[in-house]
Amino acid sequence: MFRLAVPLLLLVATPLHAEPPKTVAEKTDFKATSRYADVVAFAEELAKLSDRVKLSSIGKSEEGRSLPLMILADPVVETPEQSAKSGKLVVLAFANIHAGEVDGKEAVLMLARDLLLEKESPILKNVVLLIVPIFNADGNEKIDKANRREQAGPEDGVGVRANSNGYDLNRDFVKLETAEV
């Protein structure tokens with residue numbers, strides 16, 4: 001019988017400097033925008049790369065999609081109490097309230113990535129940044145080239161202004177008639 005004196009190790013080749021994640025917009029030269037699943041996957045990838053982000057949710061959309069919340073800070077906080085105790089300024093950024101206006105969604109994802117990949121982020125040392133990258137998740141999933149044709153891109157289409165019940169979420173912060181708000 002043959003025995004190895006030293007355990008056999010399998011070496012897996014991994015790149016020393018993996019490419020940072022890119023948004024759908026970046027991958028397509030801004031011809032397309034992220035779908036709901038793309039946004040969630042991007043946030044999850046950032047959470048794997050950095051311990052300065054905590055993923056959570058602010059609730060569910062009318063169609064039952066979880067509305068992602070990215071909490072960025074150094075050190076990361078997980079609760080409002082921890083945030084208050086940190087003494088840091090808390091900044092809340094909503095994006096994709098009107099799902100046809102996709103620039104903000106892509107921009108906050110890129111901002112989160114860039115802040116989290118910095119070796120030391122002076123911003124995250126002084127601020128707790130709360131990012132809701134896809135507030136109108138249901139409207140976002142209705143991406144179609146026919147939506148907002150007067151808008152200059154992305155050429156593969158955008159979502160719609162209203163949520164799945166026809167409400168403009170940007171107008172609901174007073175009445176509070178939607179699940180999202």
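Please keep in mind that the structure is a predicted model.

I begin with the sheet. Four strands form an open sheet with mixed pairing, in the order E1-E2-E4-E3. Strand E1, residues 53–60, and strand E3 stand at the edges with a single partner strand each, so one side of each is left without a neighbour in the sheet. On average, neighbouring strands of this sheet are turned by 20 degrees against each other, direction ignored.

Within the sheet, E2 and strand E4, residues 127–132, run antiparallel and are joined by 3 bridges. Helix H4 lies across E1, E2 and E4, and runs at about 35 degrees to E2.

I now turn to the loops. Between strand E2, residues 66–72, and helix H3, residues 80–86, the loop contains Pro-75. A cis peptide bond joins Asp-74 to Pro-75, with omega at about 0 degrees.

Two further residues concern phi. Phe-30, in the loop between helix H1 (24–27) and helix H2 (36–49), has a positive phi of about 65 degrees although it is not a glycine. Asn-96, in the loop between strand E3 (89–94) and helix H4 (103–117), likewise is not a glycine and has a positive phi of about 65 degrees.

Are these two residues buried or exposed? Phe-30 is partly exposed, at a relative accessible area of 49%. Asn-96 is buried, because its relative accessible area is 3% and the cut-off for buried is under 20%.

Note on methods:
Residues are numbered from 1 along each chain as its sequence is written. This is a predicted model: local features need pLDDT of at least 70, side-chain atom pairs count only at pLDDT 80 or more; totals for chains, interfaces and linings use all residues. Side-chain values use heavy atoms; hydrogens and water are left out. Helices (H or I, at least four residues) and strands (E, at least two) are DSSP runs, numbered from the N terminus. Buried means under 20% relative accessible area, exposed over 50%, partly exposed in between (1.4 Å probe, protein chains only). Two strands pair if DSSP finds at least two bridges between them. Axes are lines fitted to C-alpha atoms, for helices over the stretch in contact, and angles run from 0 to 180 degrees between N-to-C directions. Contact means heavy atoms within 4.5 Å.
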